Amino acid sequence: MQHSALASATHSGRASATRSALTSVTRSARKIVNFGGNICFQPRHRYTPRSEDEVLRILNEHRDGTIRAVGARHSWNPGIETRDALVDLRHLRAIRVHDDRARVTVGAGCRIGALLRHLARHGLTLPSIGLIDRQTVAGAVATGTHGSGRNSMSHYVEAMRIACYGKDGLPVVRTVDSGAALRVGRCSVGAMGIVLEVTLQCVPQYYVRERCVWRDGLDDVLRREAAAPLQQFYILPGAWTYLAHERTVAADNRRSGGAALYRVYWFLVIDVGLHLCIRLAASRRSSRRLVSTLYRRILPAWLFPRWRVTDRSDRQLLMRHDLFRHLEMEVFVPRACLRVALGFVIEVLQSADDAAHVPSSEVRESIETVGEWETFSRIRGTWSHHYPICVRRLRPGDTLISMASCHRMEEQDWYAISLITFTEPRTDFEAVARLLAVVMAARFGARLHWGKWFPLDGSQVEDGYPGLGEFRAICGECDPDGVFRNGFVKGALFGSEG
């Protein structure tokens, strides 16, 4: 970890001058609401800096307070909350493709969609992207954003410039490009400092061939994984059937004839039409029957398994589930636990939907062992899940605390199990999701996505990350006074150390 630049304002003697210098980058404080509408707070100061020097002045001004960065606000936990200073990096969005065409350096506030469009003009793309392209690069990296069949975006970070603090407590800019510090920076949940710039691997543009096809069950899905390594699959509530989004890298970079029509079809029928139907079904008293009808009868009529389409990767791998406000929790389990974990999720959701459902002895044992049987009894018959459960495979990542982090790269894959609700209020969903998270963390070594709804506390997180001690030590070197640790970061990552 190198000091590539060093800047600091003097102490109290020039505090007033520093405050004056910040006037040009301060926006009037107002309430900040996240995409899901479940996080709302009002910082005393909100900044939109246009340079690294301005960021350093902000750090100097607030070194006795709490500073958090905000990107696209596409997160469902309090990671961005602060009552003091909020830093919006939207103006730091420059993009530079390196001469070797294997790397791209991008400003932290650049949206992923803008980066993908810039790379496409150079015949390049990113090795891995998530389902949507609305997030900022720094936000996506900090929370381990991922797609299916490859590593997370964080894994492909080669260097970062981070505004943080030195041992003397004064702000500095550090270049992090190797060793444990890079493994921390790749997914730091903002605990290492304010990310200014990220250097990512990039690859030649490639095309993806896909189709949607029904599967007979989990065994059938996993059997076909080798032939469709980028696939993701869905478990449809009510019907409890399996639908695979079968994807593989195309042999050549040629767009198939029906690709443009397919994109229109997918947007109108799935991204908009299906989601409107889900919202309608979930809002009715007879939601259980409507959801079952939707997934048993209506959706099968909308899908065409014979329709195979090849298109550019950044078109095929993206979806628009960001069009409708929702709440999402994503649980990651290692491959060895996938079967039992999915069985557990399905049975808990069936019991939440129907109080008469009798859980298996294995499910009962898992719940009782963790001491959550009383909680389980309370949620029975209270919640009808309405959104497809999306499952994506994630390769082991060279990070310390991303959801697929590992100490040896030969470790097994992880699978992300996504649970989404459209309903409000969300109390019943949250009760069910919290039970799933607590039991799965204790029984299956599950980890939760750092950018999604996060009902676990530090004691429930501790055992899931062998590298957490090293993570804390390196963050402490960059932030000795805990300026970047809000309540969420303290509780989830630093526990008693605060």
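**Entry 1**

I began with W307, which at 23% relative accessibility counts as partly exposed. I used these cut-offs: buried is under 20% relative accessible area, exposed is over 50%, and partly exposed lies in between, with a 1.4 Å probe and protein chains only. The model is a predicted one, so local features need pLDDT of at least 70 and side-chain atom pairs count only at pLDDT 80 or more, while totals for chains, interfaces and linings use all residues. Residues are numbered from 1 along each chain as its sequence is written, and side-chain values use heavy atoms, with hydrogens and water left out.

I then looked up the aromatic pairs and found 19 in the structure. Rings of Phe, Tyr and Trp (its six-membered ring) pair if their centres lie within 6.5 Å; planes under 30 degrees apart are stacked, over 60 edge-to-face, and the rest tilted. Y265 and W307 have ring centres 5.2 Å apart and planes at 35°, so I noted the pair as tilted. Y265 is in helix α7 (residues 259-282) and W307 in the loop between α8 (287-302) and β18 (309-312), so the pair ties together parts that are 42 residues apart in sequence. Helices (H or I, at least four residues) and strands (E, at least two) are DSSP runs, numbered from the N terminus. Y265 is buried, at 12% relative accessible area. Ring pairs link Y262, Y265, W266, F304 and W307 into a cluster.

**Entry 1: Cores**

I took a nonpolar core as a set of buried Ala, Val, Leu, Ile, Met, Phe, Trp, Tyr and Cys residues joined through side-chain atoms within 4.5 Å. The largest has 128 residues, of which L200, M440, W450 and F471 touch the most other members. Helix α13 (residues 427-444) gives the most to this core, with 11 residues. A second, separate core has 27 residues, including L243, L274, I278 and Y387.

I also listed contacts (heavy atoms within 4.5 Å). Leaving aside neighbours within four places in sequence, L200 has among its contacts V104, L115, M153 and Y156.

T421 is in strand β21 (residues 414-421). T421 is buried, with 0% relative accessible area. Its side chain makes polar contacts with the side chains of H386 (3.5 Å) and T423 (2.9 Å). A polar contact is a pair of N or O atoms within 3.5 Å; within protein, one must be able to donate a hydrogen and the other to accept it, and residues adjacent in sequence count only if both atoms are side-chain atoms. Beyond four places in sequence, T421 is in contact with residues including W383, R426 and F429.

I found a cis peptide bond between E424 and P425, with omega about 0°. P425 lies in the loop between β21 and α13.

**Entry 2: Cysteines**

How many disulfides are there? I counted 0, taking a disulfide as a pair of cysteine sulfur atoms within 2.5 Å. The sulfur of C475 is 6.9 Å from its closest cysteine sulfur, in C478, too far for a bond. For C406 the closest is in C187, at 13 Å, also too far. C475 is buried at 0% relative accessibility, and C406 is buried at 4%.

**Entry 3: Positive phi**

Most residues other than glycine have a negative phi. V189 has phi near 55° and sits in the loop between α5 (179-185) and β13 (194-201). R101 also has phi near 55°, in the loop between β8 (95-97) and β9 (103-107). V189 is buried at 6%, whereas R101 is partly exposed at 39%.
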